[in-house]
Amino acid sequence: MPNGVPVMRRLLICAAACGVFYGLGAAAGSYQSDVAEWRRQREAELRADGGWLTVTGLFWLHEGANRFGSGTANEIVLPDDPALNSGGAFDLDHGKVVLRMDGRSRELRADSAASPDVVTLGSLSLFVIRRGDRYGIRLKDRNSSLRKEFTGLRYFPVNESYRVSARFVPDARKIPIPNILGQTEDTPSPGYVEFDLEGRKLRLTPVEESPSELFFIFHDLTSGRETYGSGRFLHTAMPKDGKVELDFNKAYNPPCAFTPYATCPLPPKQNRLPVRIAAGELKYGAH
């Protein structure tokens, strides 16, 4: 009975303590694995057929016929692909876009609809986008150089102190969200969240992107330095019991960080945070 403590009792104390530390280590490892899997899926989506790395063109339409094809005489010049044949035209008539090709025509739904119509031509796909009163054709190319030359994503080290619980305050209204085109759209927001981080009391206002998620567009003191200049995105689950979990380790770059043909929303002025959020995705390349 060395040190006055029975051997069996010391073994039990050690087992209990080791169990506690093992449990903490397992929990930390589980969180690290969760973030690693999220990052793997994030990169897979970028690299996928139809991912943002395949977006290689954006052509704004004017009223009337907008001819497309691989020849330089066309208004919409596309990569050379045998499926283009002699090309065709997108006719814009006061918000209605009609595809004319190979002697046939059909109206195309824009991306403002639940499911836009996609025109597939070999490795290319084209669809109509609407931004305010402007209509354009977005081009995706499975063989894009952006996709072939992609070098992968980089992140700050995972830091669980940037996973914070925030108080959700209901305040349903529309807030102005600007975009890189210089447009502003009033977008529904269900309220705002309040939280403590880096010794500061902070607030962020989300918008409603889907019935099951909140969407935050934010700027912080890493923006333009370690992270993408215009800001980053973050999704969360809907509030539960008045709380929202903000996990900035899963903050990520907008599509504009990877292609010049995206039309990204920008952070509203109330989402410009006066602190460094040294978590999540770092900036990519020169975009």
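Which element gives the most to the lining of the largest pocket? Helix H1 does, with five residues. The model is predicted, so local features need pLDDT of at least 70 and side-chain atom pairs count only at pLDDT 80 or more, while totals for chains, interfaces and linings use all residues. Residues are numbered from 1 along each chain as its sequence is written, and side-chain values use heavy atoms, with hydrogens and water left out. Helices (H or I, at least four residues) and strands (E, at least two) are DSSP runs numbered from the N terminus.

**Largest pocket**

- The largest pocket has a volume of about 1,400 Å³.
- Of the 42 residues lining the largest pocket, Glu209, Phe215, Phe233, His235 and Pro265 are the closest to its centre.
- A pocket here is an open set of points on a 1 Å grid over the protein atoms alone, where a 1.4 Å probe fits, with protein on both sides within 12 Å along at least five of seven lines; lining residues have an atom within 4 Å of a point.
- Grid points are joined across faces, edges and corners, and the volume is the space filled by probe spheres set on the points.
- At least two lining residues come from each of helix H1 (7-47), S8, S10, S11, strand S13 (207-210), strand S14 (213-218), strand S15 (232-237) and S16.
- By class, the lining has 17 nonpolar, 12 polar and 13 charged residues.
- In this classification Ala, Val, Leu, Ile, Met, Phe, Trp, Tyr, Cys and Pro are nonpolar, Asp, Glu, Lys and Arg are charged, and the others, Gly among them, are polar.

**Four-stranded sheet**

- Strands S12-S11-S10-S16, in that order, form an open sheet with antiparallel pairing (two strands pair if DSSP finds at least two bridges between them).
- S12 and strand S16 (243-247) are the edge strands, each pairing on one side only.
- From one strand to the next the twist averages 45°; axes are lines fitted to C-alpha atoms, for helices over the stretch in contact, and angles run from 0 to 180 degrees between N-to-C directions.
- Strand S10 (residues 163-178) and S11 run antiparallel and are joined by 10 bridges.
- Lys174 has Pro188 in S11 as its bridge partner.

**Three-stranded sheet**

- A second open sheet has the order S13-S14-S15, and its pairing is antiparallel.
- Its edge strands are S13 and S15, each of which pairs on one side only.
- S13 and S14 pair in the antiparallel sense over three bridges, and Val207 has Phe215 in S14 as its bridge partner.

- Strand S7 (residues 118-121) pairs with strand S8 (residues 124-131) in the antiparallel sense, over four bridges.
- Val119 and Leu121 make up the covered face of S7, and Val118 and Thr120 the uncovered one.
- Leu121 stands opposite Leu124 in S8.
- Two residues lie between the strands of this hairpin, in which Gly122 takes a positive phi near 65°.
- Ser125, in strand S8, counts as buried because its relative accessibility is 17%.
- Buried means under 20% relative accessible area, exposed over 50%, and partly exposed in between (1.4 Å probe, protein chains only).
- Beyond its neighbours within four places in sequence, Ser125 is in contact with Val118, Val119, Thr120, Arg138, Leu139 and Lys140 (contact means heavy atoms within 4.5 Å).

- Most residues other than glycine have a negative phi.
- Asp102 is not a glycine, yet has a positive phi of about 55°.
- Asp102 lies in the loop between strand S5 (96-101) and strand S6 (104-108), and counts as partly exposed because its relative accessibility is 47%.
- Glu198 has a positive phi near 55° and is found in the loop between strand S11 (184-197) and strand S12 (200-204).
- With 47% relative accessibility, Glu198 also counts as partly exposed.

**Gly69**

- Gly69 is found in strand S2 (residues 64-69) and counts as buried because its relative accessibility is 4%.
- Gly69 and Ala89 are 20 residues apart along the chain, and their C-alpha atoms are separated by 8.5 Å.
- Leaving aside neighbours within four places in sequence, the contacts of Gly69 are Asn74, Ile76, Val77, Leu78, Leu84 and Gly87.
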